[in-house]
Amino acid sequence: MSLLAAAARARHRAAFPAARIAKRHLGGSTTGPAVTDLAANFRIACSFFTKPAISYPAFKQQCVSLRIFTFAGVCGGCAVGLMLNPPKSSYWIRYSPSYWWSNLRLAFGGNAEPLMLTEKVERKTDVPYLVGHLVRHSQ
């Protein structure tokens with residue numbers, strides 16, 4: 001930044017003194033325990049049910065702490081529900097966790113059939129006879 005631009009900016013700020021003391025409170029600061037401190041968050045989450053919050057910041061911290069355990073509980077409950085009563089679709093059967101071991105075994109060392117054919121496939125259907133038979137009977 002040039003000296004001229006810095007001087008112009010300083011003059012502009014001096015013209016508006018309210019801009020120097022205004023604080024916008026955009027949520028850049030954090031309060032309460034860190035998200036990784038589960039013991040402290042558990043105490044605060046339990047206080048959501050036992051002690052009413054005195055102020056809005058205390059209520060917000062209770063909700064933030066409770067959200068950690070609620071998210072884990074809902075995700076864990078959904079996962080357990082799917083394991084105990086899985087959907088009956090073929091997609092789920094093929095990609096469900098219960099088939100991961102067999103899929104890994106086939107991917108890294110199984111003797112699966114090759115994707116492309118290795119020799120000509122012989123069919124037992126006599127196509128010229130069927131076409132002739134169907135064409136004669138359709139007329």
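**Conventions.** I number residues from 1 along each chain as its sequence is written, and side-chain values use heavy atoms, with hydrogens and water left out. In this predicted model, local features need pLDDT of at least 70 and side-chain atom pairs count only at pLDDT 80 or more, while totals for chains, interfaces and linings use all residues.

**Fold.** I looked up the elements and found seven helices and zero strands in the protein chain. These are DSSP runs numbered from the N terminus (helices: H or I, at least four residues; strands: E, at least two). Of the 139 residues in the protein chain, 6% are buried (under 20% relative accessible area; exposed is over 50%, partly exposed in between; 1.4 Å probe, protein chains only).

**Largest pocket.** A pocket here is an open set of points on a 1 Å grid over the protein atoms alone, where a 1.4 Å probe fits, with protein on both sides within 12 Å along at least five of seven lines. I noted about 330 Å³ of space in the largest pocket, the volume being the space filled by probe spheres set on the points. Its lining (residues with an atom within 4 Å of a point) has 13 residues, with Ser 29, Thr 30, Thr 31, Lys 60 and Gln 61 nearest the centre. Helix H4 (residues 56–84) gives the most to this lining, with five residues.

**Trp 101.** I found Trp 101 in helix H6 (residues 100–109). Trp 101 counts as exposed because its relative accessibility is 69%.

**Pro 97.** Pro 97 sits in the loop between helix H5 (90–95) and H6. Its relative accessibility is 38%, so I logged Pro 97 as partly exposed. The C-alpha atoms of Pro 97 and Met 83 are separated by 8.3 Å, at 14 residues apart along the chain.
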